[in-house]
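Please read the points below alongside the sequence and the model. They are set out as notes from one colleague to another.

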Amino acid sequence: MPESASHLASGPGRVLVAVYGVLGLAATGRSTVQLLGQPEEAPLAYSLSLLAAVIYLVATASLLRSTPRARLVGLVACSVEAVGVLAVGVLTYTAPELFPDKTVWSHFGQGYAFLPLVLPFLGLAWLRRTSLAVSG
């Protein structure tokens, strides 16, 4: 397998990894401050933000590696992220009482310029593209 095709974090993947990393750090900081400062205000929202942060950091680490296990972890992380942002996005409109404060995934990631909505699909596409490059 050619070295350049095996690296998930090469070319456009570098931008993807950087965005995942920045979003992961931002979500970690925000959710930690919220959970430590006022956990009773919106425990579900803040906990989901922390979960999102962990998923972003796992995806970041997975996209940096090109092993089969890292690809599988990346696939799972991006898939869980996609389901999470879609589910929370819908719930913030249909059951807003569940979310008295915003999460990273609220309103499909509106507070983060909709990056949380787009990112998992870009991650999945990149994993597929690099997988095809390696196998083909």
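Two rings of Phe, Tyr or Trp count as an aromatic pair if their centres lie within 6.5 Å, the six-membered ring being used for Trp. The angle between the planes then sorts the pairs: under 30 degrees is stacked, over 60 is edge-to-face, and the rest are tilted.

1. Aromatic pairs. The model is a predicted one. The structure holds 2 aromatic pairs. One of them joins Tyr20 and Tyr56, with 6.0 Å centre to centre and 55° between the planes, and is classed as tilted. Tyr20 sits in helix 2 and Tyr56 in helix 3, so the pair links distant parts of the chain, 36 residues apart. Both Tyr20 and Tyr56 are buried.

2. Overall make-up. The protein has 5 helices and 0 strands, and its pattern along the sequence reads α-α-α-α-α. Of its 136 residues, 40% are buried. Among contacts between residues at least 6 apart in sequence, 71% join residues at least 24 apart. The accessible surface is about 7,100 Å², and carbon and sulfur atoms account for 71% of that area.

3. Nonpolar core. Which residues touch the most other members of the largest nonpolar core? They are Leu16, Tyr20, Tyr56, Leu63, Val104 and Trp105, in a core of 26 residues. At least two core residues come from each of helix 2 (12–37), helix 3 (43–64), helix 4 (68–94) and helix 5 (115–135). Helix 3 gives the largest share, 9 residues.

4. Surroundings of Tyr56. With neighbours within four places in sequence set aside, Tyr56 is in contact with Tyr20, Leu23, Gly24, Ala27, Glu81, Val104, Trp105 and Pro116. Two of these contacts, Val104 and Trp105, are also listed with Tyr56 among the residues that touch the most other core members.

5. Thr60. This residue is also found in helix 3. Thr60 counts as buried because its relative accessibility is 11%, under the 20% cut-off. Beyond residues up to four places away in sequence, Thr60 touches Val17, Tyr20 and Gly21.

6. Helix 4. The buried residues of helix 4 are Ala70, Arg71, Gly74, Ala77, Cys78, Glu81, Ala82, Gly84, Val85, Val88, Gly89 and Thr92.

7. Cys78. Is Cys78 buried or exposed? Cys78, in helix 4, counts as buried because its relative accessibility is 0%. Not counting residues up to four places away in sequence, Cys78 touches Tyr20, Pro120, Gly123, Leu124 and Leu127. Cys78 and Gly123 are 45 residues apart in sequence, while their C-alpha atoms are 6.3 Å apart.

8. Backbone in the loop between helix 4 and helix 5. Most residues other than glycine have a negative phi. His107 lies in this loop and has a positive phi, near 50°. Phe108 lies in the loop between helix 4 and helix 5 as well, and its phi is also positive, about 60°, although Phe108 is not a glycine. A reader checking the backbone may want to look at His107 and Phe108.

Conventions
Residues are numbered from 1 along each chain as its sequence is written. This is a predicted model: local features need pLDDT of at least 70, side-chain atom pairs count only at pLDDT 80 or more; totals for chains, interfaces and linings use all residues. Side-chain values use heavy atoms; hydrogens and water are left out. A nonpolar core is a set of buried Ala, Val, Leu, Ile, Met, Phe, Trp, Tyr and Cys residues joined through side-chain atoms within 4.5 Å. Buried means under 20% relative accessible area, exposed over 50%, partly exposed in between (1.4 Å probe, protein chains only). Helices (H or I, at least four residues) and strands (E, at least two) are DSSP runs, numbered from the N terminus. Contact means heavy atoms within 4.5 Å. Accessible areas come from the Shrake-Rupley method with a 1.4 Å probe; for residues, only the protein chains shown count as cover.
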